[in-house]
2 protein chains.
Amino acid sequence: MDGVELCGNEVAGARFIRGLEGGRFLFSFVMSYTRTCEIPGITIAGSSPETMKFTPPADAEFIRCGRCESVDAVPVTPDGKPTPALLTRVALNSADIQCLAISAGSAVSPKIPFVQTSLPPGGNIAQESGMSISDLMNAVRYGRLIGETLAPLVDCLVIGESIPGGTTTAQAVMRGLDINARSSSSMPENPVSLKNRVTDAALARLKPGDDLGKVAELTDPMIPFVAGMLSSASKACKVMLAGGTQMAAVLAVANLIGFDTGRVAVGTTRYIVEDTYANLLEAVDETANLPILVADPGMEDSSVEGLRAFSHGFAKEGAGAGGCIIAAALKTGDSPAALRGAVEREYARIFSGR
Amino acid sequence: MDGVELCGNEVAGARFIRGLEGGRFLFSFVMSYTRTCEIPGITIAGSSPETMKFTPPADAEFIRCGRCESVDAVPVTPDGKPTPALLTRVALNSADIQCLAISAGSAVSPKIPFVQTSLPPGGNIAQESGMSISDLMNAVRYGRLIGETLAPLVDCLVIGESIPGGTTTAQAVMRGLDINARSSSSMPENPVSLKNRVTDAALARLKPGDDLGKVAELTDPMIPFVAGMLSSASKACKVMLAGGTQMAAVLAVANLIGFDTGRVAVGTTRYIVEDTYANLLEAVDETANLPILVADPGMEDSSVEGLRAFSHGFAKEGAGAGGCIIAAALKTGDSPAALRGAVEREYARIFSGR
């Protein structure tokens with residue numbers, strides 16, 4: 001459809017899209033934390049370790065209520081570049097799609113109702129295990145339980161994430177499982193060599209053993225939790241993994257525990273797919289031959305400089321923005337380009353402080 | 001239909017039932033706590049203040065997983081009378097209805113994914129305010145938010161509760177709002193005079209003021225939270241309040257904040273309606289002219305003595321059992337009596353420790 005491109009497995013993609021117009025969608029927004037994000041320079045998702053912890057709950061509050069309760073203001077950089085949750089919120093509202101926030105090891109709880117799982121935050125994989133084996137198994141189990149609960153209620157479950165530093169753990173998981181992975185980043189200048197050093201340090205600790213043991217060493221809590229959700233939900237409804245390379249890592253772990261490939265697609269933005277360094281398409285293809293739906297939010301045509309920044313590689317994905325834009329388009333039949341005016345109005349509202 | 005009687009507003013009841021066969025249901029199980037339950041002799045929902053805190057999460061775990069994680073065993077009295085959550089679990093499973101546990105001030109979190117709201121437990125209304133005004137307003141707000149999230153996903157949202165001591169706070173709220181209320185109890189010998197003394201002490205503290213201020217003084221956290229859920233959810237889907245007199249108190253508070261009466265019914269068991277002391281039908285009629293659906297679980301015919309106890313006035317309602325039995329019957333078209341065999345098998349499974 002106009003503004004949504006179909007890549008990867010196109011036959012399965014056409015089947016995925018069919019029958020969703022007017023269907024029931026739910027966006028589940030998984031908040032998480034890995035101390036890996038505290039490595040200086042590895043992410044811009046928050047200006048300091050203390051504020052980074054608040055990014056996932058602040059995004060959840062903003063998506064749900066249009067304002068943040070856990071922080072003073074909607075996350076925007078000093079020069080006016082907004083959180084991608086702005087796109088998520090506008091897309092969901094345009095199509096009357098609800099958001100359910102879920103904590104899978106978030107360091108801070110949002111001040112709105114959310115699904116709690118009692119998973120602890122993940123470790124800094126440069127120097128310690130990402131998770132204990134028992135926490136990993138709990139993450140998969142809790143993910144399966146919540147996937148089982150939600151899937152029968154919807155035609156399509158959209159799953160997005162917010163975890164500072166999460167592209168580094170995703171890269172580590174994929175390399176640990178022998179998938180050729182280079183991750184994207186929320187920064188225009190992807191700190192590639194730093195991410196590689198962190199990943200190398202984590203991989204160097206691996207001992208021979210089963211794949212889930214390797215994953216525990218390398219992962220953040222979001223990845224096995226979402227793999228568990230995918231595993232159970234894909235038995236009962238269509239599942240769209242909304243994100244970039246992190247969702248390829250989810251698929252790699254989901255391969256280990258099993259899922260129904262016939263009901264799954266990845267949904268992302270054009271900015272991720274065009275990222276010359278990231279290789280989302282290949283990574284997804286290596287893990288599972290799935291359709292990838294690519295939304296063009298058309299922000300390069302915006303009159304607002306802070307919004308044009310999305311198309312220049314700033315925060316090019318996150319908070320499930322791409323998947324939610326696609327979900328809104330699939331539900332309403334409207335092109336993503338139709339959202340631009342609403343995005344600009346919402347941006348103006350944030351800055352006027354209303 | 002067979003085994004489900006329609007009382008109260010029968011015209012609205014017929015409209016409520018229509019079109020639900022094969023529909024999408026969700027059971028939301030609201031766990032809460034009031035220190036009122038710590039008054040000796042006021043409830044049997046747990047044998048001591050310490051174990052009472054675990055009753056709501058243990059029921060949630062049992063309904064979802066068939067076993068309890070927070071306590072050693074499924075809640076059963078020493079002489080073999082099981083928690084009404086047994087009926088809830090079997091009814092939901094028979095009709096493939098999912099359960100989502102929600103904490104509205106529960107003192108203990110379940111060891112399964114659940115919706116967290118960060119409301120604190122309620123005070124002992126014999127000697128202190130049930131809630132602060134700001135917690136009361138948060139309870140309503142959080143309830144509205146989660147009702148808004150869930151309602152578009154379902155045709156019928158069933159809301160049940162588990163809160164030790166909750167019939168006493170319900171009675172206090174109704175008396176504070178000038179509704180002629182006598183509550184039922186989980187005990188065959190309803191500790192009427194003790195409940196009245198507690199209620200009198202709470203009412204004696206009331207100062208002239210608005211009704212929500214009175215409610216804050218007298219309530220537990222479950223009542224305003226469920227009133228908030230009802231308020232928003234009834235705009236978008238049918239809502240069945242699964243319970244006894246506590247749901248009449250919810251309706252009294254919902255009257256203050258507004259709800260769509262055209263989409264609401266109370267669902268309960270025959271054992272509550274026949275309770276000579278309780279006056280559920282009149283209390284509901286005084287607050288809102290709603291339909292009351294009454295399930296006959298038929299346990300008096302059971303070969304298991306612990307199950308016949310339900311029909312003798314023990315734990316005659318709770319954990320949304322009546323509403324879930326009705327929901328299962330409405331979804332599948334089968335009579336509640338068809339559940340008895342499965343209830344007996346589940347009872348045997350619990351005792352065999354599998």
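This is a predicted model: local features need pLDDT of at least 70, side-chain atom pairs count only at pLDDT 80 or more; totals for chains, interfaces and linings use all residues.
Visitor: How is the size of an interface expressed, and what is the area that chain B and chain A bury between them?

Guide: An interface is often sized by the accessible area lost when the parts come together. Here chain B and chain A bury about 2,400 Å² between them, with 58% of it on carbon and sulfur atoms. On the chain B side, R24(B), P113(B) and L153(B) supply 27% of the area buried against chain A, more than any other three residues.

Visitor: How many residues does the contact take from each chain?

Guide: The contact takes 27 residues from chain A and 27 residues from chain B.

Visitor: Which elements of chain B supply the side that touches chain A?

Guide: At least two residues each come from β2 (25–31), α3 (55–65), β3 (98–103), β4 (114–116) and α5 (133–150) of chain B. The largest share, 6 residues, comes from α5(B). Sorted by class, that side of chain B has 15 nonpolar, 8 charged and 4 polar residues.

Visitor: In what sense do β4 of chain A and β4(B) pair?

Guide: Strand β4 (residues 114–116) of chain A and β4(B) pair in the antiparallel sense, over 3 bridges. Within this pairing, F114(A) stands opposite Q116(B).

Visitor: Turning to a strand within one chain, what covers the faces of β5(B)?

Guide: In a regular strand the side chains alternate between the two faces of the sheet. Both faces of β5(B) are covered: one side has C156(B), V158(B), G160(B) and S162(B), the other has L157(B), I159(B) and E161(B), and all are buried.

Visitor: Why is β5(B) described as largely enclosed?

Guide: The cut-off for buried is under 20% relative accessible area. Strand β5 (residues 156–162) of chain B has 7 of its 7 residues buried, so the strand is largely enclosed by the rest of the structure.

Visitor: Which strands pair with β5(B)?

Guide: β2(B) pairs with β5(B) in the parallel sense over 7 bridges, and V158(B) is the bridge partner of F27(B). Strand β6 (residues 238–242) of chain B also runs parallel to β5(B), joined by 4 bridges. There, L157(B) stands opposite V239(B).

Visitor: Where in the backbone is phi positive in a residue other than glycine?

Guide: One of the cases is S118(A), with phi near 65°. S118(A) lies in the loop between β4 and α5 (133–150) of chain A. Another is D178(B), which is not a glycine and has a positive phi of about 60°. D178(B) belongs to the loop between α6 (166–176) and α7 (192–204) of chain B.

Visitor: Is D178(B) buried or exposed?

Guide: The cut-off for exposed is over 50% relative accessible area. D178(B) is exposed, at 66%.

Visitor: And for a helix, which residues of α8 of chain A are buried?

Guide: In helix α8 (residues 211–218) of chain A, the buried residues are L212(A), V215(A), A216(A), E217(A) and L218(A). The elements covering them include α5, α6 (166–176), α7 (192–204) and α10 (245–257) of chain A.

Notes:
Residues are numbered from 1 along each chain as its sequence is written. Chains are lettered from A and ligands numbered from 1 in the order in which they are written. Side-chain values use heavy atoms; hydrogens and water are left out. Contact means heavy atoms within 4.5 Å. Buried area is the accessible area (1.4 Å probe) that two parts lose on being put together, summed over both. Ala, Val, Leu, Ile, Met, Phe, Trp, Tyr, Cys and Pro count as nonpolar, Asp, Glu, Lys and Arg as charged, and the others, Gly among them, as polar. Two strands pair if DSSP finds at least two bridges between them. Buried means under 20% relative accessible area, exposed over 50%, partly exposed in between (1.4 Å probe, protein chains only).
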